[in-house]
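Q: Could you walk me through this model, feature by feature? I would like to learn how to read each one.

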Amino acid sequence: MSAQLLSAPRPTDIVQVVEHLGALQLDPTSAVARSEHIVLWSRIGRYDVADLNRAMYGERRLFEYGSWILPVSEFDLHRDAMRRYLSGPTTRQRYVRDWLGSNATFRRLVVAEIRNRGPLRSRDLVDQAVVPWRTGGWNDGKNVGRMLDALWTVGVLAIVGRDGSERIWDLAERFYPRIASK
């Protein structure tokens with residue numbers, strides 16, 4: 001129980017909780033509340049969700065990657081995985097690599113738009129995919145979202161905020177300046 005921070009004394013800092021646990025799983029589905037909010041509430045007690053957002057997007061002490069909220073102190077571990085992703089052997093990695101290659105112009109346009117206009121939501125970008133995303137799932141044809149996710153997975157983009165549940169994207173090099181400059 002103490003390893004999971006479920007026994008007294010209760011921690012008081014959101015970042016300390018995430019650092020101790022190693023990660024906090026994100027799940028936008030909420031019957032009662034989002035999973036990350038329930039986990040934090042069960043460890044800290046009553047807290048302001050704005051404090052979590054501030055730690056992630058304002059102070060940049062936490063970052064979002066995959067389905068996780070992670071401590072920025074561990075970013076280098078994930079950065080190495082990001083750099084290696086497209087050279088991986090899995091079917092998914094090959095598909096993403098081939099899809100990005102087939103949509104190289106679209107990829108450059110998305111990065112250029114974000115570079116020039118600043119942080120954007122997916123709806124702020126135009127779908128210019130040459131080859132549509134087709135994996136037989138619910139993301140088929142959602143080319144802008146898939147491009148943003150792919151560029152996030154390989155460390156080109158970062159989630160820098162949220163507008164409700166919609167992610168706001170920017171260049172990783174701008175969002176993680178201390179880390180990206182290493």
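Q: How do strand 2 and strand 3 pair, and over how many bridges?
A: Strands are DSSP runs of E, at least two residues long, and helices are runs of H or I, at least four, numbered from the N terminus. Two strands pair if DSSP finds at least two bridges between them. Here strand 2 (residues 62–65) pairs with strand 3 in the antiparallel sense over 4 bridges, and L62 stands opposite P71. The two strands form a hairpin with 2 residues between them, where G66 in the turn has a positive phi of about 65 degrees.

Q: What should I know about the model and its numbering?
A: This is a predicted model: local features need pLDDT of at least 70, side-chain atom pairs count only at pLDDT 80 or more, and totals for chains, interfaces and linings use all residues. Residues are numbered from 1 along each chain as its sequence is written, and side-chain values use heavy atoms, leaving out hydrogens and water.

Q: Which strand pairs with strand 1?
A: Strand 1 (residues 24–25) pairs with strand 3 (residues 68–71), in the antiparallel sense over 2 bridges. Q25 stands opposite W68 there.

Q: Which residues of helix 6 meet helix 7?
A: Contact means heavy atoms within 4.5 Å. F106, R107, V110, V111 and I114 in helix 6 meet N143, V144, M147, L148 and L151 in helix 7.

Q: Which residues does Y176 contact, beyond its neighbours within four places in sequence?
A: Leaving those neighbours aside, Y176 touches F63, E64, V72, F75 and A158.
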